[in-house]
Amino acid sequence: MSEAAGELKITNELIAKYDKDTKTVFGFWVYLMTDCVLFASLFAVFAVLRHNTYGGPTAQNLFSLPYVMLETMALLTSSFTAGLALLSAQRKRLKHTLFWFGVTFTLGLTFLVLELAEFSRFVAQGDSWRRSGFLSSYFTLVGTHGLHITIGLIWMIVMMVFILKRGLNDTTLKRIRMLSLFWHFLDVVWIFIFTIVYLFGVLGV
Amino acid sequence: MMHIFNLMASFWLGRLSLKALPPNPIQWFGASLIILVPGMIAVLLTVTKRWKWLYKEWITTQDPKKIGVMYILVAIGMLLRGGADVALIKTQQALSVGASHGILSASHFQQIVTAHGTIMIFFVAMGLMFGIINLIVPLQIGSRDVAFPFLNATSFWLFFFGMVLVNASLVLGDFAATGWLAYPPLSELRYSPTVGVDYWIWSLQIAGVGSLLAAINFIVTILKMRVKGMNFMKMPMFVWSVLGSMLLVAFAFPILTATLTLLALDRNLGMHFFTSGAGGNMMMYVNLIWAWGHPEVYILILPAFGVFSEVVATYSKKRLFGYTSMVWAIAAIVLLSFIVWLHHFFTMGAGSDVNAFFGIMTMIIAIPTGVKLFNWLFTMYRGKIRLDSPMLWFIGFVVIFTIGGMAGVLMAVPPIDFQLHNSLFLVAHFHMMIVGGVVFADFAAITYWFPKIFGFKLNETLGRWVFWLWLVGFLMSFIPLYILGFMGATRRLDHYSASLGWQQLFIVSGIGAALIGAGVGVQLLQFAYSIYKRKDNRDKTGDPWDGRSLEWSLPSPVPFYNFARLPEVSSRDAFWEAKKSRLKDRRKYEDIEIPKNTPLAFMIAALAFIFAFTVVWHIWWLAVIALLSIITLIIVRSMDEQTDYILKASEVEKLDSLYLKGAKL
Amino acid sequence: MLRTKRRWFVALALIVIVVLSAIYLANVNIPILEPKGVIADKEFRLLVTVTVLMSIVALPVFGLLIYIVWKYNEKNHTKKKYSPDWESNKFIEGTWWAIPTILIVILSVITWNATYALNPYNPIASKNSTLNVQVIALDWKWLFIYPALKVATINKLMLPVNTPVHFYLTADAPMNSFWIPQLSGQIYAMPGMQTQLYILANQPGEYNGWSANISGIGFAGMMFKADVVSATQFKAWASRTVSSAPALSLARYNSLIQPSAYVKTRFFSNPATNIFSQTIDKYMVADYHGAVQ
């Protein structure tokens, strides 16, 4: 924008368009804040219930840090590549954008598959969400994050179709910006999950 | 053979069967009303050939003014429903003494009590509030629309279908019999195995998500769409209070969403969040639900305060006194409302330090509230007070709110609360806050802004009757409840022993409720009569009360684009100042972007209803289809970039001159 | 003329209402205002103190409201001062930030002290030794166990006068709230948890008690009587019950927990040991072999 500002004729229409876009992105920030409160509630619930194992497995019995590290790496990398996708989009490089979204999608899917594999392992060994208050809150907190990731993945597919059909116009860019915000947000939430659920759990803090 | 049939039935229909139909005459009557009323509306629409009109003008509309009107219509409908509940509750409590067990079974009575609370809070108080916000906020900030019109329509329709779901429970199955906040373990599957609690969960969930989206919408609208020159300290006080309220919604409603979800997971997937046993913690639910529930009280009351700030200033022909104080008071209330939730359960057995802390925090809220009260009084001081009905509602509010507030401070002292908790004293207290505060303000607002939206005034004589019936009925209904509380009467009792001597007071309270009922009747009459006589009460100036804020600068009813030319603001009470200065208007007309009508918002909410209904009845296949359809519709909507159309400047000019001539379009 | 008549009529009606209400209130039993135990008595005194303090601030508001509305009414407005642009006065505004703040500071001190002094877990000093009673809220009746006396009752709380009583409360049902208004404020009885409450009844008599928290369809039928009698009568009752009433075995307890409401008073002897602690464990310990959901 800035390099072109000298030549750009600032019309009312342009201002209106700009206002509308900032409004949408700002609204998305507000939404993310409410989502933060949602996760905060689930974290609080987990904190209350994490020792209520009711004779079932504890966090130490259950979690394996290397496995979770793998998930974490997948998600962190995907956040990085989502950033690259946004950068490419801002430079109007359509193929690069699609490529990086493709990589992000694959990494996100990897994360999700790893998470579901972990869940099904727990369930298979009899440690499902029915077992104890601790496990209920574990599955719900981590599962809610997983659900967000799923939504993010669906959004990413739609986004890619949208880019293919419409190119990198202003609307697309605005939406890419919001998608990448969303993705980074989930990354941050995961850092908290990793620390509070897994790390503290295994360390027995 | 039978076995296979049953299996098939339980796959296709879940828990739904003929047994879900109402079991006794009173419930049959309720169910038939719920079917008959929409049925009659449908017949009426068909006879008058209005279906197309309904679709084009209302169902697909994106105009916040129309959406506001619909919110208020639904809320008035639900006021009647909640009022019918009151009639049954009061009759039962007057009759069910000693050997007699009244007209209702205990379970039915408890369902009615629960429905009354749920409906009055979520579908009456919230509905009236969001209705008025939709109508007035864009006008007061000089905006042509809200930030996200489509989202706004979706919010409304989610609210609407949440309401439909509550009422569906009258026809199929039962409703929660747990009290309006459904404390576990009573609300867990073990003690409430029927669909009642599920209806409660999902109707609140749908309506709650609607409220959350609406809050995001109005936060952005207020922060980003104010007219040129209107900085924060020049916003009308109503807008300030709505901003405070919407921030509270944004922070509090996600907690409700989470809590309801956890309860649903307990009930449907056998989880153990709030179960007694298996590591659940029921008191965590009580903490969570009040971490939402207490801010909810202020979510409702702040806009009410805002309404009174507008009404008092206008009817005293004077600036609002202590504007800055008022803003700080709102900010203080917003912050404090999140650190008082524990006062709803001092009797849990927490330590003295915890109880004392939350008690004192609760009392501190009385300070900003008191400040607001004094500011209103001094707005009237040295003013020219016109005692029209909105002003009467204000005076009634001050009286009732002060009494109720004193009762509230009493209960903020933990040892006193030990004696008053869960008693009818508490019931009287919160009715005085929510009816005397919120509902009175909403009625004042409806009277005050009615001409702005519809172009004619409401009949004032009938309006005064409504007020006096409400005021006398209300005091008569709730003062006895304070005394009953002192007598030890607890809430939600479907029966009591004759030796307690409570019956007379219950009867007096019932008569009071009947007077309120008469007030509601006169209110409906007032609407009908005012519509019938609308030609005599037409508001030709657009400014019938000598108003102060921007909405009064527009013709009544307000054109669909709100402002033909956007105003510029350089002070508080912008329109009041403009009237005094009489500067020549040099503003130009310009093109206006208007959102196109779309049925998608309605469809998404309708699918959310189908999803919720099928989850209640465990019809999983249809729930999955509904959910996938919602996702598809959202994607479809996101693919559409042509959601607006342009109204040319020349057309705006033409329309504007017609409006100014008083044409009815 | 009509207006004046109407005013007289309204004033008369108000007077009649006030007089009738006063006569009525003087003649009915209002438990919270007529405490019969030390705790309820202190709570009642606190209630009066706080009400008086608040009224000092709140009543002038009513006066001010009536005065302003009357004086600045448009109709009486001929010569009064009218200042449409007067919108702020830091001194006046400061005053009414200050007045409620001072009141709340006073109330806060009172609240802080009272909350500590009237914590339901505080033992009550007395020359008589404390009586322990275990309370279990069932669907929908109250079970009272007197471990030291080896007796138990349903829906009847026998208490000796002027003796501190220490309740331990839990529930084998949804949450209930244990309340005898004339003796003390309430406290929750929750499954899997234990709460405590101390009371001391200082006048003999029969007082009503009930559950203040909805707990299912029989909840209105959870009324019980608290019978405060002299120490000798109480001892006589206990020894009579020990010798004559049926024993409260675990099997009988398990049949008692079946839902029933409006249950008549029943007495038991020799309650099985640990009914109370086992009722809590049932919800809290994983390997308990009882019925857990």
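## Exercises on a predicted three-chain contact model

Across the interface of chain A and chain B, 9 residue pairs are in polar contact, both residues at pLDDT 80 or more. A polar contact is a pair of N or O atoms within 3.5 Å; within protein, one must be able to donate a hydrogen and the other to accept it, and residues adjacent in sequence count only if both atoms are side-chain atoms.

This is a predicted model: local features need pLDDT of at least 70, side-chain atom pairs count only at pLDDT 80 or more, and totals for chains, interfaces and linings use all residues. Residues are numbered from 1 along each chain as its sequence is written, chains are lettered from A and ligands numbered from 1 in the order written, and side-chain values use heavy atoms, without hydrogens and water.

**Exercise 1.** Describe the side of chain A that touches chain B.

*Step 1.* Find the elements. Helix 1 (12-49), helix 5 (133-166) and helix 6 (170-203) of chain A each supply at least two residues. Helices (H or I, at least four residues) are DSSP runs, numbered from the N terminus.

*Step 2.* Helix 1 of chain A gives the most, with 17 residues.

*Step 3.* Sort the residues. There are 16 nonpolar, 13 polar and 6 charged. Ala, Val, Leu, Ile, Met, Phe, Trp, Tyr, Cys and Pro count as nonpolar, Asp, Glu, Lys and Arg as charged, and the others, Gly among them, as polar.

*Step 4.* Look for a salt bridge (a side-chain nitrogen of Lys or Arg within 4 Å of a carboxyl oxygen of Asp or Glu). The rule finds 1 between chain A and chain B. A:Arg166 and B:Glu641 meet in a salt bridge, at 2.9 Å from N to O.

**Exercise 2.** How many residues does each chain bring to the contact of chain C and chain B?

*Step 1.* Apply the cut-off: contact means heavy atoms within 4.5 Å.

*Step 2.* Count. Chain C brings 85 residues and chain B brings 100 residues.

*Step 3.* Check the salt bridges. The rule finds 4 across this interface. C:Glu87 forms a salt bridge with B:Arg572, with the closest N and O atoms 3.3 Å apart.

**Exercise 3.** Why is the pair of B:Phe251 and B:Phe338 edge-to-face?

*Step 1.* State the rule. Rings of Phe, Tyr and Trp (its six-membered ring) pair if their centres lie within 6.5 Å; planes under 30 degrees apart count as stacked, over 60 as edge-to-face and the rest as tilted. The whole structure holds 106 aromatic pairs over all chains.

*Step 2.* Apply the rule. The centres of B:Phe251 and B:Phe338 are 6.4 Å apart and the planes stand at 80 degrees, so the pair is edge-to-face.
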